[in-house]
Amino acid sequence: MVEQMKGKDSVLRKKVLQEINEDFHQADKLNEALETEILMQLVYCCREDDHEIRELASRAVLKIANTEKGRVTLVSSRCVSIVAQLFDDPVTMIRHNAYTCLINLAQFVYGIQSIIDTDILRILVDKLVAEKEDTILVLILKLMNILLEGDLATSLLLNTPVLGRLNAHLKAANWEIRKMAAENLGSISYNVLGKSSTIEAQSIPPLCDMLTDEIYEVRASVVRALASLAQLKAGKIQIY
């Protein structure tokens, strides 16, 4: 399959990529394929002009992130930055595959640190403004929230305009975006620096307004964020 992927026949390459995606449903076949150059060939395909080839390749890379061996291979091959380049793809499904791939990778400590080390946090903050698809914005916020579990993630984010952008998303029409924006503010305010910065960014007033949100999941995330911020006197004063 690897040799066929190197050819110039786009029809054949699409067929091979479809077969790879079918095979990758089985972990044993996926792990066996990782012993070859298949990951590098998939990476090359992610840069193709043909959007169908890019989508099939990105879908296969996403499936690689579903196994332990696949995640280790993605990190050791330094493919995280290449996956992140797909955040700019004009095809929504390809962006969806890229973000979901990194979300899967971030389920593990070494994955979180690898993503942080690749400077993805700064890119995610930029995408909070640039991304116009709600479904992708939800994935961006989910990935950011997971990465906040990593070392130095909060301090790195606080050197960006993240708080103002999260505040803006608290008023989103999409309830999942509102929920995840509140959750991210709660995660950022886990430590004292995060709490004081979030209070200074005037995040508490819009969070308080959301206590009457019609969606239970949103209210629950808001309560958790406010409970964290209330641990500082300045936060308690704003809330009460």
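This is a predicted model: local features need pLDDT of at least 70, side-chain atom pairs count only at pLDDT 80 or more; totals for chains, interfaces and linings use all residues.
The largest nonpolar core has 79 residues, a search of the whole structure turns up one cavity of 30 Å³ or more, and the disulfide count is zero.

**The core**

- Among the 79 residues of the largest nonpolar core, the ones touching the most other members are Phe24, Leu42, Leu124, Leu147, Val162 and Leu207.
- The top contributor to this core is helix 11, which spans residues 134-147 and gives ten residues.
- Take Leu124 as an example: leaving out residues up to four places away in sequence, Leu124 touches Phe87, Tyr99, Ile140, Leu143, Met144 and Leu147.
- As a bit of background, nonpolar side chains tend to be buried together in soluble globular proteins.

- How much space lies in the largest cavity? It's about 40 Å³.
- Helix 5 (51-64) and helix 8 (92-105) are the elements that each give two or more residues to the lining of this cavity.

**The cysteines**

- A disulfide is a covalent bond between the sulfur atoms of two cysteines.
- With a cut-off of 2.5 Å between sulfur atoms, the count here comes to zero disulfides.
- Cysteine 46 is in no disulfide, and its nearest cysteine sulfur belongs to cysteine 45, 7.2 Å away.
- Cysteine 46 has a relative accessible area of 10%, so it counts as buried.
- You'll find cysteine 45 in helix 4, which covers residues 38-45.
- From cysteine 45 to serine 187 is 142 residues along the chain, and their C-alpha atoms are separated by 36 Å.
- Cysteine 208 is another story: its relative accessibility is 23%, so it counts as partly exposed.

**Helix 9 and what surrounds it**

- Which residues of helix 9 (residues 109-117) are buried? They are Gly111, Ile112, Ser114, Ile115 and Ile116.
- Those buried residues pack against a whole set of helices: helix 6 (68-76), helix 7 (80-85), helix 8, helix 10 (120-130), helix 11 and helix 12 (153-157).
- After helix 9 comes aspartate 119, which has a positive phi, near 65 degrees.

**Threonine 67, in a loop**

- Threonine 67 sits in the loop between helix 5 and helix 6.
- Is threonine 67 buried or exposed? Its relative accessibility is 10%, so threonine 67 counts as buried.
- Setting aside neighbours within four places in sequence, threonine 67 is in contact with Ala27, Leu30 and Asn31.

**Isoleucine 239, in helix 18**

- Isoleucine 239 belongs to helix 18, which runs over residues 233-239.
- Its relative accessible area is 23%, so isoleucine 239 is partly exposed.
- Not counting residues up to four places away in sequence, isoleucine 239 touches Ile204, Cys208, Leu226 and Ala230.
- Asparagine 159 is 80 residues from isoleucine 239 in sequence, and the two are 25 Å apart in space, C-alpha to C-alpha.

Key:
Residues are numbered from 1 along each chain as its sequence is written. Side-chain values use heavy atoms; hydrogens and water are left out. Helices (H or I, at least four residues) and strands (E, at least two) are DSSP runs, numbered from the N terminus. Buried means under 20% relative accessible area, exposed over 50%, partly exposed in between (1.4 Å probe, protein chains only). Contact means heavy atoms within 4.5 Å. A nonpolar core is a set of buried Ala, Val, Leu, Ile, Met, Phe, Trp, Tyr and Cys residues joined through side-chain atoms within 4.5 Å. On a 1 Å grid over the protein atoms alone, a cavity is a set of points where a 1.4 Å probe fits but cannot get out, and a pocket is an open set with protein on both sides within 12 Å along at least five of seven lines; lining residues have an atom within 4 Å of a point. Grid points are joined across faces, edges and corners, and a volume is the space filled by probe spheres set on the points.
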